[in-house]
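Below is a short briefing on one protein chain. It is meant to be read with the sequence and coordinates open.

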Amino acid sequence: NPASSVLTQQFGAAPSSLLSLIQVLAPQAGPFLDAGLLGRGMGFFGHPVALGGYLALVFPAAAAWALTARPAPERILSISMAALAAAALAVSGSRGAWLGAACGAGMLLWRDGRKNSRRAAVLLVGLGLAASAVLSARISSTGSRPLGTRLPALIVAARGFAERPLLGQGPGTFGQTYRRLRSEANLKEAIVDSIYPHAHNDWAEVLVALGVTGTAAYFWLHAAGLRLAMASAGVWGAAGGSLLALFVFTKVNLPTMPVAFLASLIAGTALAQRPARSGRAAASAAAGLFLIGSAWLVWSGARRVPAERQAFLGRQARREGRAREAASHFEAAVRVVPESIVFRLDLMNLLWDAAGAAPLAERRLLLAGARDAALAGARLRPAEPEFLRLLALAELRRARWAGEDCLPAASAALDAALALDPFDLRLARLGAALADPKGEAPVVPEIEQPPQRLDEHLPDHPPEGAVPGQ
């Protein structure tokens, strides 16, 4: 039922919208209510921009419902839902989401045809543009994110596309492509020690990931969605407005997987509203693909839940000095999601901390355990330079703290990491440390501030009882 899909969207968005408002207006009301970056709301999404992308998709449908609701109780409810979504959008602080939601809802208001609706459409789009411009200027003036810092991502996207123009580098590989192909000039233009996991533009992302083939399909989706927004009325027009909002949003950010999946579901149902002419076999195949995609999405998110819980319990036990219990929790998290850098880093940090006060024989075992954790991660994800960097660091600590003959292994891991990320400043500093095997030059703390806020810890001095001079 198309109308019920609109209602479901609105009631589904309400809890996250309410939570985001509480996070900003009353964070002291309960646990786990901290606001996101710069004091912005993030709802259940863990990041303000992720929440903004979701609400940009939902808000046009809320506006369409408010426009078409006829009985007074339904009209009051629809306007309330639209106001709630708008307030949550505001506290998300996502400029792309503001502009996307304004364009999507503005399209629906304009198509309503009434004079006041069209005035409201112009006002809404104007407000979205003005608010985005004002916030951009404010962020730039603080120096936290100067204008043009996303340009390096677009330059690298062009280089990645030039390497493999037909089929692209592969889905989800932009972060690796960025680190491999960025230049020294890109390094100066970008935020210090930053890594772009995606291109911050959907066209650039699709070009580098899927090449010309995927870009052609994505162009068709844009054209079909825009045609739906301009030509259809009612619920299907609302779906077109939602897709337009998300397409605007994705010009500066990429949506999270749940939002992309919801948008795909909306697009599929709206664009397939006419009966298929290709028969039952094609319909059955489409249904099977949809169920497989749904199951994968559920599994990919659900598998992390126990791992996140184990990691949380492990960090809590580590803070309270229960090292063995913390180790069992971290090992459980790694078993569930073995490809995670963060979970393996939790375990390595614990082992390094424990090695500091351990006798030499036990220290060697603990340091070898940290090395093994990094090595297993590097074998699982050989194109991930962060695991190779951690492996080099683990071997360096074995050499300095336990007198092991493993500097050649550390150098080999560092060389492999440099081949994948030649302009990582932390690798250059680690190389300087490896060049001084006796340790007169300290491993400076900057090495232990990896991008994306990975929380690695390195003691400023060798642990008590370490081999003298190392």
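The model is predicted. Across the whole structure, a search finds 19 salt bridges and five aromatic pairs.

**Helix α4**
- Helix α4 runs over residues 95–112, which makes 18 residues.
- From its first C-alpha to its last, α4 reaches 26 Å, close to the 26 Å expected at 1.5 Å a residue.
- Buried residues in α4 include W98, M107, L108 and L109, and several glycines and alanines are also buried there, among them G96, A97, G100 and A101.
- G113 follows α4 and has a positive phi, near 90°.

**Surface patch**
- A nonpolar patch on the surface is formed by L166, L167 and V212, with about 300 Å² of accessible area together.
- Of these residues, L167 sits in the loop between α6 (151–163) and α7 (174–181).
- L167 counts as exposed because its relative accessibility is 54%, and the cut-off for exposed is over 50%.

**Aromatic contacts**
- W203, Y218 and F247 are joined into a cluster by ring pairs.
- R397 is placed over the face of W352, at 4.0 Å from the ring centre.

- R318 and D353 form a salt bridge in which the closest N and O atoms are 2.4 Å apart.
- This pair links distant parts of the chain, with R318 in helix α13 (residues 304–319) and D353 in helix α15 (residues 341–355), 35 residues apart.
- Both partners are partly exposed: R318 has 25% relative accessibility, and D353 has 32%.

**Salt-bridge network**
- A network of salt bridges links R364, R371, D372, E395, R398 and E404.
- Within the pair R364 and E404, the closest N and O atoms are 3.7 Å apart.
- D372 and R371 meet through their side chains in a salt bridge of 2.7 Å, N to O.

Definitions and conventions. Residues numbered from 1 in each chain as written. Predicted model: local features only at pLDDT ≥ 70, side-chain atom pairs only at ≥ 80, totals over all residues. Heavy atoms only, no water. Helix = DSSP H or I, 4+ residues; strand = E, 2+ residues; numbered from the N terminus. Expected span 1.5 Å × (residues − 1). Buried < 20%, exposed > 50% of the residue type's maximum accessible area, 1.4 Å probe, protein only. Patch = residues over 30% accessible without salt bridge, like charges linked within 9 Å, V, L, I, M, F, W, Y side chains within 5 Å. Areas by Shrake-Rupley, 256 points an atom, 1.4 Å probe, with all protein chains shown as cover. Salt bridge = Lys/Arg side-chain N within 4 Å of Asp/Glu carboxyl O. Phe/Tyr/Trp six-rings, centres within 6.5 Å; stacked < 30°, edge-to-face > 60°. Lys NZ or Arg CZ within 6 Å of the ring centre and 35° of its normal.
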